[in-house]
Amino acid sequence: MDVPFRSALVVPALLVLAGCAADGGSQPRTSASPPTTAAAPAAAPTAAPSPVAAAPAASAPPSPPPLPPIMGFRDAVLFAANNMLKAATIATPDSGTVPLVVDPLIDGNSGVQSVATQTLEKEFVGLVRNSYPKFEVQPFAASTLAKASLLFIGTFTAVDAEGKNAGAKEWYRVCLAMLDLRSGKIVSKGFARSRTEGVDSTPVQYFLDSPTWVPDTATDGYVKTCQGTRAGDPINPNYWDKIVAAALINEAFQAYEGGRYQEALDLYRGVARTPQGDQLRVHNGIYLSAWNLGRKAEAEEAFGRIVDYGLANKRLAVKFLFRPGSTVFIDRQELAESYRIWLRQIATHSGQQQSCLRITGHTSRTGPEPLNERLSTMRAQLVKQRLESIVPSLSTRSVAAGRGSAENIVGLGTDDARDALDRRVEFNVVNCPV
């Protein structure tokens, strides 16, 4: 189930361990040393052979080190950061300092930046400046990236008791990594576990406002570089290949967060013209910037490109918001206008491409699951009907389904801006019926 929440715009929307395992554990590589035996004295008599030779005792595998305790948020951040920084063996140049560029930290489940990830980043930067003067922290931009040899990344991920994104969230995984941009490898890692109390995982404004979501290969590469790796492993190619575009996108993101929408629009357009610019976060950025500038026709055209991107990738999640326990959209003028544009573009572009769609509703974890499943199905049916009223041929090329909370991405069950993505309506391109 879900409850409404307020958004400012269009939609409401991370002990030294060798690496962070994706399931929440982190085990260093170890090798069992062969057992040593004392040499027999030369004069010792030879014992008569036993009729049954005793098999040599098998050496037990080494026990993995215990996971660090679940700590308070700040303690966990400092624990992981100190271990990562202490483990980094870096030659200091004649200048006395090594530039360390910080690629903004993200949520490991959804890929968004939140109040929590930004707070984690601020704690890290403060620690480096106060205790590790050989590193000179620099922002993530194309200009700083071109001159730096080291890059810092990190994820902050809500997980269940087993360290997975499946059940109720019980702790946060802090995973940090320092990367060598010259060798393309991971220099050092840091891992900790944080309690959930006092953690504000509300997405920052751009992600609150973003109308759509799909799994992004560049973001997935970022997460996979940090999680499930060890020092010495290569940077994931999906992140490595798009890192310059990511720096340009971050400059546009900063302009949007600062309310400089024309600057943001120009920067997003510039990234879109690059070979690596066909990314959802770029298309969302163009749409949002144009909308905030009052250029509704330009925004609608941009949303059409978002739909084309989703159809090409066979998946697009849209953050339609409904009244609690209802199949009626939240009654807000700015949302009503946005939804008309979104539905028109989804219907028109799906019709033009002769796409067949499975329209799937989703809910958060709160409430009885059988009711969530029914409610999510009914909401998907409503969206299907709206699309058919615009392009009637979609009536034979689309089906509605509901998944309740079975496929939550955030999984917090807060029913507010933090888990809006869990209450999405998803459009998947499927094979057309024969």
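This is a predicted model: local features need pLDDT of at least 70, side-chain atom pairs count only at pLDDT 80 or more; totals for chains, interfaces and linings use all residues.
**Entry 1**

I looked up the volume first. The second largest pocket holds about 280 Å³ of space. I then listed what surrounds that space. The lining of the second largest pocket consists of 14 residues. Nearest the centre I noted V102, P104, E121, P139 and Q254.

Which elements supply at least two residues each of this lining? I found α2 (115-131), β5 (135-139) and α7 (243-257). Of the elements, α2 gives the largest share, with five residues.

I also sorted the lining of the second largest pocket by class. I counted six nonpolar, five polar and three charged residues there.

**Entry 2: helices α11 and α12**

Next I turned to the packing of α11, residues 333-352, against α12, residues 369-390. The axes of the two helices are 9 Å apart, and the angle between them is about 65 degrees. For the handedness I wrote down a right-handed crossing of α11 past α12.

Which residues make the contact? On the α11 side I have L343, R344, I346 and A347. They meet V383, R386, L387 and I390 of α12. By class, I recorded six nonpolar and two charged residues in this contact, and no polar ones.

Methods:
Residues are numbered from 1 along each chain as its sequence is written. Side-chain values use heavy atoms; hydrogens and water are left out. On a 1 Å grid over the protein atoms alone, a cavity is a set of points where a 1.4 Å probe fits but cannot get out, and a pocket is an open set with protein on both sides within 12 Å along at least five of seven lines; lining residues have an atom within 4 Å of a point. Grid points are joined across faces, edges and corners, and a volume is the space filled by probe spheres set on the points. Helices (H or I, at least four residues) and strands (E, at least two) are DSSP runs, numbered from the N terminus. Ala, Val, Leu, Ile, Met, Phe, Trp, Tyr, Cys and Pro count as nonpolar, Asp, Glu, Lys and Arg as charged, and the others, Gly among them, as polar. Axes are lines fitted to C-alpha atoms, for helices over the stretch in contact, and angles run from 0 to 180 degrees between N-to-C directions. A crossing is left-handed if the near helix is turned anticlockwise from the far one by less than a right angle, and right-handed if clockwise. Contact means heavy atoms within 4.5 Å.
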